[in-house]
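Before reading further, please take a moment to look over the sequence and the structure shown here. The report that follows takes up confidence, then a sheet, then a helix.

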Amino acid sequence: MDKVDLKLMEYKVLGSLETKGLIDILSKLLFQCAKCGSCCNGIFFEYIPLHHFDIIKILKNLGWNRNQLREICETREYEGQKLLHIKQPCPFFKDNDCSIYEFRPKACREFPIYIAGDNYRILNCCKQAEKLFGEIVKELDKSRKLKSGY
């Protein structure tokens with residue numbers, strides 16, 4: 001299956017890192033996963049990066065060793081580091097649910113928002129992400145108006 005070009009589905013910048021706190025809070029409060037699988041089924045992403053703390057949590061909670069994790073991963077370059085990446089479709093996405101939801105990787109916890117350089121972006125790959133984008137834009141506009149005195 002061909003991968004979707006992320007450039008085509010990215011919403012433009014939500015805000016700079018100055019608005020990080022507000023965006024983080026709004027994302028946690030407003031994003032409700034519909035369990036559609038768009039982020040897990042391999043259509044939008046080929047790999048999910050695993051940071052050191054992600055690996056520790058997965059190994060500990062599943063009772064796995066590193067070799068078991070390596071069977072579903074590949075080592076790839078990510079932000080100047082060599083990291084393990086879970087190959088997609090995600091082997092932990094079963095019956096439209098994440099079987100490791102409580103200890104899912106950082107990239108999954110932050111979805112659909114991600115940092116690109118000095119900017120926050122939101123991926124428009126599902127209806128819930130689209131809804132979240134609209135709500136965050138409204139709240140950021142309110143915040144900007146309050147700061148400017150209008």
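In what follows, a residue is called buried when its relative accessible area is under 20% and exposed when that area is over 50%.

## Confidence in the model

This is a predicted model, and the mean pLDDT of its chain is 80, with 80% of the residues reaching 70 or more. Among the elements of the chain, the lowest mean pLDDT, 40, belongs to helix 1 (residues 6–9), whereas the highest, 97, belongs to helix 3 (residues 52–62).

Over residues 1–13 the pLDDT stays under 50, and for this stretch the model has 32 contacts beyond four places in sequence. Where pLDDT is low, the predicted coordinates should not be read in detail.

## The sheet and the helix packed on it

Strands of a sheet pair through backbone hydrogen bonds, in either a parallel or an antiparallel way. Here an open sheet of 3 strands has the order 2-4-3, and its pairing is antiparallel. Strand 2 (47–50) and strand 3 (73–78) are the edge strands, each of them pairing on one side only. On average, and with direction ignored, neighbouring strands of this sheet are turned by 45° against each other. Helix 3 packs on the sheet, where it touches strand 2 and strand 4, and the direction of helix 3 makes about 95° with that of strand 2.

Strand 2 pairs with strand 4 (residues 81–87) in the antiparallel sense over 4 bridges; tyrosine 47 has lysine 87 of strand 4 as its bridge partner, and leucine 50 has leucine 84. Strand 3 and strand 4, also antiparallel, pair over 6 bridges, with tyrosine 78 bridged to glutamine 81 of strand 4.

Helix 6 is followed by glycine 149, whose phi is positive, near 85°.

Which residues of helix 6 are buried? They are Ala129, Leu132, Phe133, Ile136 and Leu140, and because they cover an arc of only 105° around the axis, they lie on the same side of helix 6. An α-helix has 3.6 residues a turn, so residues three or four places apart point the same way. On the face of helix 6 turned away from its buried side are the exposed residues Lys127, Lys131, Lys145 and Leu146.

Key: Residues are numbered from 1 along each chain as its sequence is written. This is a predicted model: local features need pLDDT of at least 70, side-chain atom pairs count only at pLDDT 80 or more; totals for chains, interfaces and linings use all residues. Side-chain values use heavy atoms; hydrogens and water are left out. pLDDT is the predictor's confidence in each residue, from 0 to 100. Helices (H or I, at least four residues) and strands (E, at least two) are DSSP runs, numbered from the N terminus. Contact means heavy atoms within 4.5 Å. Buried means under 20% relative accessible area, exposed over 50%, partly exposed in between (1.4 Å probe, protein chains only). The arc is that of the directions from the helix axis to the C-beta atoms. Two strands pair if DSSP finds at least two bridges between them. Axes are lines fitted to C-alpha atoms, for helices over the stretch in contact, and angles run from 0 to 180 degrees between N-to-C directions.
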